[in-house]
Amino acid sequence: MAMNKNTVLAYATLLMIFIGFLLIGLGAYRYEDIGWGFAAIGLGFFAIAWVFNALKGRV
């Protein structure tokens, strides 16, 4: 399977979304006392994934 730039960006987007959900879940269920920080970083991962998704087809 040949990996072009769009395929790499698609995999990076999926990975960033997964990590974002993982961080938000950790903040909500495991570390309640510092959960706001985990949620903020998880939202940052979503923002970066959004940028990666927007770059598909343009790079």
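1. Thr13 is located in helix α1, where helices (H or I, at least four residues) are DSSP runs numbered from the N terminus. Thr13 has a relative accessibility of 9% and therefore counts as buried; here buried means under 20% relative accessible area, exposed over 50%, and partly exposed in between, with a 1.4 Å probe and protein chains only. The Thr13 side chain reaches the backbone oxygen of Leu9 at 2.7 Å.

2. The model is predicted, with local features requiring pLDDT of at least 70 and side-chain atom pairs counted only at pLDDT 80 or more, while totals for chains, interfaces and linings use all residues. Residues are numbered from 1 along each chain as its sequence is written, and side-chain values use heavy atoms, with hydrogens and water left out.

3. Helix α1 spans residues 5-30 and helix α2 residues 35-55; their axes come within 8 Å and cross at roughly 165°. The axes are lines fitted to C-alpha atoms, for helices over the stretch in contact, and the angles run from 0 to 180 degrees between N-to-C directions.

4. The passage of α1 across α2 is left-handed, meaning that the near helix is turned anticlockwise from the far one by less than a right angle. Sorted by class, the contact of α1 with α2 has 19 nonpolar, 6 polar and no charged residues. In this scheme Ala, Val, Leu, Ile, Met, Phe, Trp, Tyr, Cys and Pro are nonpolar, Asp, Glu, Lys and Arg are charged, and the others, Gly among them, are polar.

5. There are 2 aromatic pairs in the structure; rings of Phe, Tyr and Trp (its six-membered ring) pair if their centres lie within 6.5 Å, with planes under 30 degrees apart called stacked, over 60 edge-to-face and the rest tilted. Phe21 and Phe46 have ring centres 5.0 Å apart and planes at 70°, so this pair is edge-to-face. It links distant parts of the chain, Phe21 in helix α1 and Phe46 in helix α2, 25 residues apart. Phe21 is exposed, at 55% relative accessible area, whereas Phe46 is partly exposed at 24%.

6. The rings of Tyr31 and Phe38 have centres 5.4 Å apart and planes at 10°, so they form a stacked pair. Tyr31 is partly exposed, with a relative accessible area of 33%.

7. Arg58, in the segment after α2, is exposed at 71% relative accessible area. Arg58 and Lys5 are 53 residues apart in sequence, and their C-alpha atoms are 9.6 Å apart.

8. Trp50 belongs to helix α2 and is exposed at 66% relative accessibility. Trp50 and Glu32 are 18 residues apart in sequence and 27 Å apart in space, C-alpha to C-alpha.

Methods: Helices (H or I, at least four residues) and strands (E, at least two) are DSSP runs, numbered from the N terminus. A polar contact is a pair of N or O atoms within 3.5 Å; within protein, one must be able to donate a hydrogen and the other to accept it, and residues adjacent in sequence count only if both atoms are side-chain atoms.
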